[in-house]
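Reader: Please walk me through this structure, with the cut-offs spelled out as each term comes up.

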Amino acid sequence: MNAPAPAPLGPLRATCSDGFLMGLESLMRRTGQGHHLACTVVECAGEPDLAALRRAAELLGRKYPILQARLSRGGDWLARWELDRAVAAAVPLETWNLEGPDGLRDFIEERLNGREIDIHRAGANLRLHVVALGPERWALVVLWSHSLHDAVGIDKLLREIAATGSFPEGGPVSGGLEEPLAGEPVQALYRRAKPMIEEMRTFPAWRVRSLHRKGVRPGRNRVVVENFDLAATAEIRAKMAKTAGELLLLPYFACCAARAVQAVIAARHPGEEVPVLLSLPVQRQGDPDKRPLFQNHMAVYTLLMSGAELAELKPAAKALFRKYADFMRRKLPTAMDALMQMMERCPSRFYNLPVFFYLKGELCTLFHSHTGSFAAGLEEIHGSRVLNGYHVPSVCTPPGIGIFFSEYAGQLSMTLSWRDGCLAADELALLRATLHRDLFPE
Amino acid sequence: MEQDLIELIRSDILDHAGPITAETDLFTAGLDSMGIMQLLLAIEDRFGVAMDPADLSRENFSTVEKIATLVTGRQAP
């Protein structure tokens, strides 16, 4: 007698954080900025075991229908991944040979500016690229939609690719949080969200700017990744320890990023006070093992720093920590979550309107994150030793710029991602010089 | 103070399945950058001590015992 067929999966509801990402995706689509994608790069020694990687791609595709599913809003206006309609298929895997020092960077830019992943159509939401970089060196480049998961999710998926794993006996699994949040009446949500709404009402007085240039058509997404070796990372760490202590990674690197963008804005608008509005993603579940593979699971902390507070690095790091403390003490994270829940039924094209209104056409000054250790525990991929790993997200304009950090085995990586038209060549040089001056000892 | 700190870390900072004692290595138990920031705020609120950046080392925050020694030292007039 045949075993009964496993019960089909139902649609998987998007989280309230996904609503924020869908708002950005909608902005990008409406303004010719493509789709909100990210590349995750794992550089390896030796030669790739293509057979094992293809097996992993096949298994992942069959195990997780979300990798082929469409994301759409239902009659109740909530967004859901259509797992029940997804057709199981292997995750697409392509092989490439790249040459030249900028080969990998150009390749990543091509992927980020492409349209091959579309979350609103059925088909692959994640693609694998196996890239030969020369003899004895290759990279796994994973291209993924930011609506599919965040950096912690992709780290978990990488570990699964490396381990291959097995197909679950009960059939495909969702890999997501089935019921992200209990339903709450809008009035109750509004009461909880009110402190954040009040906070946003203070923003217009600050005249927050970003690198977005009004009236300039957004161009291609550009990226630069700086991989610091062990010695350079040790220097950066030593300066951080001296300036802000060994442990306050988040405020320290956020300050370095904020001061670099501030320097560019100040050069564009001499004589103006240049405040910086940081939009910092913070994971709701601190333990990566306890959170699902898919969906976005971060709260957003919006911290406003005045020009004076950012004038010097050491006091700036301290001031940013104080702002963070203030944000926590005023229970603004809970208020922000309630606001995101209130907005999740809102059509994505309207999602950012309140922020645009309060910030006079801006979203924040820059995107920034320090995602900590890159794929902790990932030491090899099917026989190839992992040498380094980092994330390269695309960004929209506004704000037109993102500065992201992560670390693999004592090597810090810094990714700069921006839109053509938002950062001229001399401004990019100023941005990088300011970052280097802050990161390295004098 | 050690018991207060253990309670605080267990309830608000770390989602750790095993027991937490004064000698438990907190970084091994999952204390990360965000957890450190929450812990610093909690120490300020509970014990009225604001840490100096110079105090923020892995060594000083590796166990409850060491944190308690640090906080007690900062409380001393």
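Author: The secondary structure of chain A comes to 12 helices and 15 strands, where helices (H or I, at least four residues) and strands (E, at least two) are DSSP runs numbered from the N terminus. This is a predicted model, in which local features need pLDDT of at least 70 and side-chain atom pairs count only at pLDDT 80 or more, while totals for chains, interfaces and linings use all residues. Residues are numbered from 1 along each chain as its sequence is written, and chains are lettered from A and ligands numbered from 1 in the order in which they are written.

Reader: What radius of gyration does chain A have, against that of a compact globule?

Author: The radius is taken over C-alpha atoms, and the globule rule is 2.2 Å times the number of residues to the power 0.38. The C-alpha trace of chain A spans about 80 × 60 × 40 Å along its principal axes. For 442 residues the rule gives a value near 22 Å, and chain A agrees with it, at 22 Å.

Reader: What percentage of the residues in chain A is buried?

Author: A residue is buried if 20 or more other C-beta atoms lie within 10 Å of its own, exposed if 12 or fewer, and partly exposed in between, with C-beta atoms placed from the backbone. Of the 442 residues in chain A, the buried share is 48%.

Reader: Which residues does A:Ala193 touch, beyond those up to four places away in sequence?

Author: A:Ala193 lies in helix 5 (residues 186-201) of chain A, and it counts as buried because it has 23 C-beta neighbours inside 10 Å. Two residues are in contact if their C-beta atoms, placed from the backbone, lie within 7 Å. A:Ala193 and A:Ala338 are 145 residues apart in sequence, yet their C-alpha atoms are 5.0 Å apart. The residues touched are A:Ala335, A:Ala338, A:Leu339 and A:Met342.

Reader: Where is A:Ala14, and is it buried or exposed?

Author: A:Ala14 is in the loop between strand 1 (12-13) and helix 1 of chain A. Its contacts, leaving aside neighbours within four places in sequence, are A:Gly19, A:Leu71, A:Ala79, A:Arg80 and A:Gln295. With 25 C-beta neighbours inside 10 Å, A:Ala14 counts as buried.

Reader: What is the strand order of the open sheet of six strands in chain A?

Author: Two strands pair if DSSP finds at least two bridges between them. Strand 2 (residues 37-45) and strand 13 (residues 384-393) of chain A pair in the antiparallel sense over seven bridges, and A:Val41 stands opposite A:Tyr390 in strand 13. The pairing in this open sheet is mixed, and the order is 5-6-7-2-13-12.

Reader: Which are its edge strands?

Author: An edge strand here pairs on one side only. In chain A these are strand 5 (93-97) and strand 12 (380-381).

Reader: How many residues of helix 7 of chain A are buried?

Author: Helix 7 (residues 249-268) of chain A reaches 29 Å from its first C-alpha to its last, close to the 28 Å expected, the expected span being 1.5 Å times one less than the number of residues. The helix is largely enclosed by the rest of the structure, because the buried residues number 17 of the 20.

Reader: Which element supplies the largest share of the side of domain 1 of chain A that touches domain 2 of chain A?

Author: The domain assignment gives domain 1 (12-163) and domain 2 (186-386 + 393-439) of chain A, with bounds from an automatic or database domain assignment. Their C-alpha centres lie 22 Å apart, and the contact takes 52 residues from domain 1 and 42 residues from domain 2. Helix 1 (16-30), strand 2, helix 2 (50-63), helix 3 (103-113) and helix 4 (151-163) of chain A each supply at least two residues of the domain 1 side. The largest share, 14 residues, comes from helix 1 of chain A.

Reader: What pattern does chain B follow along the sequence?

Author: Chain B has 77 residues, and its radius of gyration of 11 Å agrees with the value near 11 Å for a compact globule. Buried residues make up 29% of chain B. Its secondary structure comes to three helices and zero strands, and the pattern is α-α-α.

Reader: By class, which residues form the side of chain B that touches chain A?

Author: The contact takes 16 residues from chain B and 17 residues from chain A. Ala, Val, Leu, Ile, Met, Phe, Trp, Tyr, Cys and Pro count as nonpolar, Asp, Glu, Lys and Arg as charged, and the others, Gly among them, as polar. The chain B side has four charged, four polar and eight nonpolar residues.
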